[in-house]
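Biologist: I have a model open and a few questions about how its parts pack. Can we take them one at a time?

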Amino acid sequence: MNKKNIYLALSLLSFLLLVIAMFTNGAKITLFEIEFAVIWIPVWILSLFLPLLILAALVVDRNEISKRLIISLLLTLINIFFLIRFFAFEFFPE
């Protein structure tokens, strides 16, 4: 397996974990005054670091940009959007 397949598999796994976490109630923990289920920890880790790794792969291999990297980057951006919507983060509070 090469990096492109691994990034695509990890982004699919992150999306699947995100969907599962949104519709289940697991063991709860409190971190930074936010209470959430334990399943959110790998979702957060994958959603925060995977786009950086994919962008680094795109920058390093500019001559070989593939559809798999673009699809995995889009999935991780969708994950970030759903995380922002689910936890109701407000970037510009009034």
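Biologist: Which hand does the crossing of α1 and α3 have?
Modeller: This is a predicted model. In it, helix α1 covers residues 3-23 and helix α3 covers residues 67-87. Their crossing is left-handed.

Biologist: Is α1 roughly parallel or roughly antiparallel to α3?
Modeller: The two axes come within 9 Å of each other. They cross at roughly 25°. Angles under 35 degrees count as roughly parallel. Therefore α1 is, relative to α3, roughly parallel.

Biologist: Which residues in α3 meet α1?
Modeller: The α1 side includes Tyr7, Leu8, Ser11, Phe15 and Leu18. The residues of the contact of α1 with α3 divide into 13 nonpolar, six polar and two charged. On the α3 side, the residues are Arg68, Leu69, Ile71, Ser72, Leu75, Thr76, Ile78, Asn79, Phe82, Leu83 and Phe86.

Biologist: Is Asn79 buried or exposed?
Modeller: Asn79 lies in helix α3. Leaving out residues up to four places away in sequence, Asn79 touches Ser11, Ser14, Phe15, Leu18 and Ser47. Its relative accessible area is 0%, and the cut-off for burial is under 20%, so Asn79 is buried.

Biologist: Which backbone oxygen does the side chain of Ser72 reach?
Modeller: Ser72 is also a residue of helix α3. Its relative accessibility is 0%, so Ser72 counts as buried. Beyond its neighbours within four places in sequence, Ser72 is in contact with Tyr7, Leu8, Ser11 and Ile54. At 2.8 Å, its side chain reaches the backbone oxygen of Leu69.

Biologist: What separates the C-alpha atoms of Ser66 and Val43?
Modeller: Ser66 is in the loop between α2 (40-60) and α3. Its relative accessibility is 13%, so Ser66 counts as buried. Along the chain, Ser66 and Val43 are 23 residues apart. Their C-alpha atoms are separated by 24 Å.

Biologist: What pattern does the protein follow along the sequence?
Modeller: The protein has three helices and two strands. Its C-alpha trace spans about 45 × 35 × 20 Å along the principal axes. Read along the sequence, the pattern is α-β-β-α-α.

Biologist: Among contacts with a separation of 6 or more, what share comes from residues 24 or more positions apart?
Modeller: The protein has 94 residues, and 30% of them count as buried. For contacts with a separation of 6 or more, the share from residues 24 or more positions apart is 66%.

Key:
Residues are numbered from 1 along each chain as its sequence is written. This is a predicted model: local features need pLDDT of at least 70, side-chain atom pairs count only at pLDDT 80 or more; totals for chains, interfaces and linings use all residues. Side-chain values use heavy atoms; hydrogens and water are left out. Axes are lines fitted to C-alpha atoms, for helices over the stretch in contact, and angles run from 0 to 180 degrees between N-to-C directions. Helices (H or I, at least four residues) and strands (E, at least two) are DSSP runs, numbered from the N terminus. Angles under 35 degrees count as roughly parallel, over 145 as roughly antiparallel, 65 to 115 as roughly perpendicular and the rest as oblique. A crossing is left-handed if the near helix is turned anticlockwise from the far one by less than a right angle, and right-handed if clockwise. Contact means heavy atoms within 4.5 Å. Ala, Val, Leu, Ile, Met, Phe, Trp, Tyr, Cys and Pro count as nonpolar, Asp, Glu, Lys and Arg as charged, and the others, Gly among them, as polar. Buried means under 20% relative accessible area, exposed over 50%, partly exposed in between (1.4 Å probe, protein chains only). A polar contact is a pair of N or O atoms within 3.5 Å; within protein, one must be able to donate a hydrogen and the other to accept it, and residues adjacent in sequence count only if both atoms are side-chain atoms.
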